[in-house]
Amino acid sequence: FLLMSFTLTFAQSSEHLKFKGVPIDGSLNEYVLKMKQVGFQLIETDDGVALLEGEFAGYRDCMVGVKTLQKKDLVHEIVVLFPSQDKWSGLSYDYERLKTMLTKKYGNPAECVEQFVNTPTYIDIDDDNDKLREVENDHCEYYSVYNTDNGSILLTISNDGYLFGCRVKLFYSDKINSEKFDNAAMEDL
């Protein structure tokens with residue numbers, strides 16, 4: 001699975017962004033233990049990333065990736081992979097449902113793009129199959145970004161390839177630990 005990094009600017013805060021009520025902070029092992037306590041099962045840990053499975057936001061069989069800053073073993077980003085869909089109507093339903101819930105909790109998105117791009121002019125995107133094909137061809141640009149004092153949340157529709165399908169993803173990026181991640185990366189330059 002792919003973890004996307006995104007960095008945005010926020011007002012100062014000394015608290016961490018929360019995922020399932022748990023602050024996005026601590027070592028990978030500590031965080032995995034906390035995720036187990038809220039109902040997730042560990043699938044595997046590899047190279048500073050833990051993959052868990054469980055229920056999230058009313059969806060069963062979600063995969064959750066927990067990403068760390070390896071040099072400091074510090075959790076800074078979470079990605080939720082919702083179950084794959086084989087119809088555009090399923091994808092758009094998941095996206096709109098989650099967007100509605102996020103907007104209710106965090107306010108309007110700071111950025112929102114919902115369009116198909118690079119579609120050849122001879123293709124008319126009218127029905128469910130056409131729209132799904134555009135997602136599969138990576139011509140779908142659907143995302144909403146929510147900024148909080150403690151971090152950012154990105155909701156997106158994504159094509160994870162032939163084996164993994166098209167799905168909605170949700171990324172949580174903790175402000176404090178993402179800044180530490182960026183600072184460590186800067187030291188490499």
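Buried here means under 20% relative accessible area, exposed over 50%, and partly exposed in between, with a 1.4 Å probe and protein chains only. You're looking at a predicted model, where local features need pLDDT of at least 70, side-chain atom pairs count only at pLDDT 80 or more, and totals for chains, interfaces and linings use all residues. Residues are numbered from 1 along each chain as its sequence is written, and side-chain values use heavy atoms, with hydrogens and water left out.

Start by selecting tyrosine 95, which is buried at 0% relative accessibility. (Rings of Phe, Tyr and Trp, the last by its six-membered ring, pair if their centres lie within 6.5 Å; planes under 30 degrees apart count as stacked, over 60 as edge-to-face and the rest as tilted.) Tyrosine 95 belongs to helix α2 and tyrosine 142 to strand β8 (residues 140-148), 47 residues apart.

Next, pick phenylalanine 19 and phenylalanine 56. This pair is stacked, at 4.9 Å centre to centre and 20 degrees between the planes. Phenylalanine 19 is buried at 0% relative accessible area, and phenylalanine 56 is buried at 8%.

Last stop: the contact (heavy atoms within 4.5 Å) between α2 and α3. Show Trp88, Ser89 and Leu91 of α2 with Asp128, Lys131, Leu132 and Val135 of α3, which make that contact.

Conventions
Helix = DSSP H or I, 4+ residues; strand = E, 2+ residues; numbered from the N terminus.
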